[in-house]
Amino acid sequence: MGPHLPLGHQTGRLALAGRDFLTERLDALRAAGNLRRLPGNPAGIDFWSNDYLGFSRLLGRGHASELVHTAPGSRLISGDHPAISGLEADIAAFHGFPAALLFGSGYSANLGLLSCLARRTDTIVYDELIHASLRDGIRLSGAAARRCPHNSLVQAARILTAARGDGQTFFVTESRFSMDGDRAPLAELADLCHHHGAHLIVDEAHAIGLDGPSGAGLVAQLGLAGAVFATVVTYGKAPGYHGAAVLGSNDLRDYLINFSRPFIFTTAPRPAYVTGLREVYDLMGTQQPELRQQLQRVIEGYRSLATEHLGELAAPNDGPIQLVHLPGNERVMALEGHLRERGLLVKAIRSPSVPPGTERLRICLHAFNSVGEVEQLIDGLTTGLAKISA
């Protein structure tokens with residue numbers, strides 16, 4: 001039995017035209033006889049997997065799993081199984097998309113998506129604060145890259161207007177940004193992309209588990225699944241797991257199976273991973289609402305104390321990522337060290353990870369943080385800042 005998954009949050013309010021280029025490229029593969037299909041898990045004597053020592057047959061004993069005898073290998077060879085595809089279908093429905101494809105990490109998902117999707121005749125417009133994995137995917141694609149000032153709709157419109165007309169145009173952003181903790185104006189960006197015939201790609205790494213129905217993300221919360229070309233959800237943040245999935249159309253899934261090198265040349269997920277990820281979605285469907293409310297109480301408690309005691313140095317957000325601005329690598333590292341001495345684990349973000357002059361302390365709040373722990377943090381920040389300024 002699969003997990004109980006809420007009904008898909010589909011019916012996005014915009015229908016993005018121009019997806020025919022995927023069909024055309026797939027048709028070219030079909031015509032040449034080169035279209036790849038996932039093989040499933042056919043019975044037979046194994047002469048194709050990488051299970052050199054037969055360890056896969058020893059794993060999972062004592063645990064009910066239909067995947068115990070799946071042999072290691074890429075999904076295009078020996079590693080595929082209907083249970084994996086079934087999980088992907090459930091994931092897609094949970095987030096409100098037609099299809100999903102699993103990757104080993106958020107990094108490989110972003111790299112695998114962008115590196116194969118755009119070509120040299122295409123243009124990728126990207127928010128200047130997107131994750132390094134997205135930047136690397138853009139670089140590998142060979143497409144013309146155009147940086148857009150953070151969350152600037154005016155500049156996004158200008159750059160999209162100037163994009164070359166003989167190729168595809170993509171706009172890449174995050175829904176919640178990892179370094180600043182703020183949100184992208186997704187609804188407005190979807191409108192812009194629709195107007196300019198561009199394809200919107202959204203990384204939901206820091207929104208899954210937090211936003212939307214049962215933590216389905218900001219795209220689901222805003223009803224934008226029909227307006228978004230592709231969404232990447234990763235499981236290493238709020239879901240507390242690992243791996244990632246690319247969500248989109250059935251054509252996009254087939255396209256990635258055929259062109260995404262990180263997918264093609266990576267060993268398929270093992271049985272324990274599939275079982276664990278189903279458990280993640282079980283928790284999202286059952287316990288996420290209560291834990292999200294608990295987290296929100298922690299956030300509100302922190303914001304109130306930070307505003308009172310830290311003043312302009314604090315930059316309160318509505319999410320779990322909170323910032324204390326302290327320009328200068330030495331100063332922000334000194335504050336991190338002061339907190340570490342008091343048993344408070346907080347990470348300083350230095351340049352060049354962020355632009356010089358924007359160094360900050362990045363605080364991640366959790367549903368399990370107590371009122372007393374938040375008070376200790378504020379006290380540590382107050383005394384540390386006073387010490388550094390002395």
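Strand β8 and strand β9 (residues 321–325) run antiparallel and are joined by two bridges. Within this pairing, A314 stands opposite V324 in β9. Strands here are DSSP runs of E with at least two residues, helices are DSSP runs of H or I with at least four residues, and both are numbered from the N terminus. Two strands count as paired if DSSP finds at least two bridges between them.

The model is a predicted one, in which local features need pLDDT of at least 70 and side-chain atom pairs count only at pLDDT 80 or more, while totals for chains, interfaces and linings use all residues. Residues are numbered from 1 along each chain as its sequence is written, and side-chain values use heavy atoms, with hydrogens and water left out.

The pair β8 and β9 belongs to an open sheet of four strands, ordered β8-β9-β11-β10, with antiparallel pairing. Because β8 (314–315) and β10 (347–349) each have a single partner strand and stand at the edges, one side of each is left without a neighbour in the sheet.

## The seven-stranded sheet

Another open sheet is formed by seven strands in the order β1-β7-β6-β5-β4-β2-β3, and its pairing is mixed. Its edges are held by β1 (99–103) and β3 (144–148), each with a single partner strand, so one side of each lacks a neighbour in the sheet. On average, neighbouring strands of this sheet are turned by 20 degrees against each other, direction ignored.

Strand β2 (residues 123–127) runs parallel to β3, and five bridges join the two. In this pairing T123 stands opposite A144 of β3. Helix α2 (residues 82–95) lies across β1, β6 (230–234) and β7 (244–248), and runs at about 120 degrees to β1. Contact means heavy atoms within 4.5 Å. Axes are lines fitted to C-alpha atoms, for helices over the stretch in contact, and angles run from 0 to 180 degrees between N-to-C directions.

## Backbone features

The peptide bond from S351 to P352 is cis, with omega near 15 degrees. P352 is placed in the loop between β10 and β11.

N151 is a residue other than glycine with a positive phi, near 55 degrees. The loop between β3 and α5 contains N151.

## The largest pocket

The largest pocket has a volume of about 690 Å³. Of its 26 lining residues, the closest to the centre are G209, L210, K237, A238 and P239. The elements that give two or more residues to this lining are α10 (271–286), α11 (288–309) and β11 (360–364). The largest share, four residues, comes from α11.

On a 1 Å grid over the protein atoms alone, a pocket is an open set of points with protein on both sides within 12 Å along at least five of seven lines, a cavity is a set where a 1.4 Å probe fits but cannot get out, and lining residues have an atom within 4 Å of a point. Domain 1 (42–55 + 289–389) and domain 2 (71–269) both give residues to the lining of the largest pocket, so the pocket lies between them.

## The cavity

The structure holds one cavity of 30 Å³ or more. Two or more of the lining residues come from each of α5 (153–162) and β4 (169–174).

Notes: Grid points are joined across faces, edges and corners, and a volume is the space filled by probe spheres set on the points. Domain bounds come from an automatic or database domain assignment.
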